[in-house]
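Try each task before you read its solution.

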Amino acid sequence: MPLGPVQLTVMSYTPLSSRRTPRLIRQSDPEMYQLALTIAGQQCIEQARMYASIGPGDLLLYDSSRPFTAIAGPNPPGARAMLLQFPRRLLPLPEKAVAPLCGTVLPGRAGVGRLLCQMLTGLADTHADLTSADSTRLGTTAVDLATALLAHHADRQTLIPAGSRQRALFEQISAYITTHLHDPGLTPGAIAATHFISTRYLHRIFQQHGATVGDVIRQQRLARCRRDLADPSQRTVPIAAIAMRWGYPRPSDFTRAFRAASGMTPSEYRSAGQDANRAQR
């Protein structure tokens with residue numbers, strides 16, 4: 001999956017042993033960093049005198065310019081993984097900060113690691129629907145998240161350029177908003193405090209992406225309310241319960257926001273959806 005100069009590959013393979021030797025490096029070296037996400041199976045790698053055994057959900061960095069030995073299987077048989085490859089020159093961290101991380105396990109179940117894993121999985125699922133320009137921009141975002149992950153583990157966050165830090169922070173905050181839409185207290189002030197930044201800086205980050213924090217929260221909440229109201233399996237769920245589920249504890253506030261966005265009340269929207277479903281049957 002080409003993402004500009006970045007590439008994402010999904011691989012499945014039977015048990016194997018693979019060696020990249022100094023001779024092979026001299027013959028051809030694309031000078032790439034490779035960040036692997038194990039989806040299934042168990043894999044082991046040794047690079048730069050570091051040895052790591054990784055399972056599902058683990059991330060691993062290795063360098064095409066350094067020899068390594070990799071093993072997959074035999075128990076369980078084979079493995080499945082995703083591989084993010086990008087030119088070394090795109091990583092805005094000095095080699096001396098990155099080298100100690102090669103061949104070490106980088107957790108992918110929390111923090112920036114989890115965001116990166118979610119993004120890689122999402123790219124694999126939606127790549128066919130992306131334009132070339134979309135792919136290039138998302139490749140840049142993937143490298144930004146990889147940079148934030150590596151800097152975190154190298155304890156060198158201050159080395160990340162301001163632009164990369166802001167893009168990574170924007171992705172982190174966007175993911176936080178998505179998972180906290182149910183909270184009525186999800187406000188710009190609360191979001192800023194959770195991420196240890198000022199509210200003013202929070203607004204500036206979103207403005208650089210052509211959005212406001214309030215609009216993002218409102219649009220995502222209303223989108224989920226519309227989905228639930230149109231769902232035939234939820235036709236007996238009270239509208240007020242759906243509104244509360246997505247962060248609207250006051251029905252009047254929900255009705256006003258929904259009508260402003262949709263041009264109809266929640267009950268009218270639900271009725272229109274039910275009529276459409278009956279017509280299809």
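**Exercise 1.** Find where confidence is lowest and where it is highest in the protein chain of this predicted model.

*Solution.* Start with pLDDT, the predictor's confidence in each residue, from 0 to 100. Its mean over the protein chain is 88, and 95% of the residues reach 70 or more. Now go helix by helix (DSSP runs of H or I, at least four residues; strands are runs of E, at least two; both numbered from the N terminus). H11 has the lowest confidence, with a mean of 78, while helix H9 (residues 239-245) has the highest, at 95.

A word on the ground rules: this is a predicted model, where local features need pLDDT of at least 70 and side-chain atom pairs count only at pLDDT 80 or more, while totals for chains, interfaces and linings use all residues. Residues are numbered from 1 along each chain as its sequence is written, and side-chain values use heavy atoms, leaving out hydrogens and water.

**Exercise 2.** Work out which strands stand at the edges of the open sheet, and why one side of each lacks a neighbour.

*Solution.* First, write down the order of the six strands: S1-S2-S9-S4-S7-S10, with antiparallel pairing. Two strands pair if DSSP finds at least two bridges between them. Next, look at the ends: S1 (2-3) and S10 (105-107) each have a single partner strand, so one side of each has no neighbour in the sheet. Finally, check a pair inside the order: five bridges join S4 (residues 32-41) to the antiparallel S7 (residues 58-63), and Leu 37 sits opposite Leu 59 in S7.
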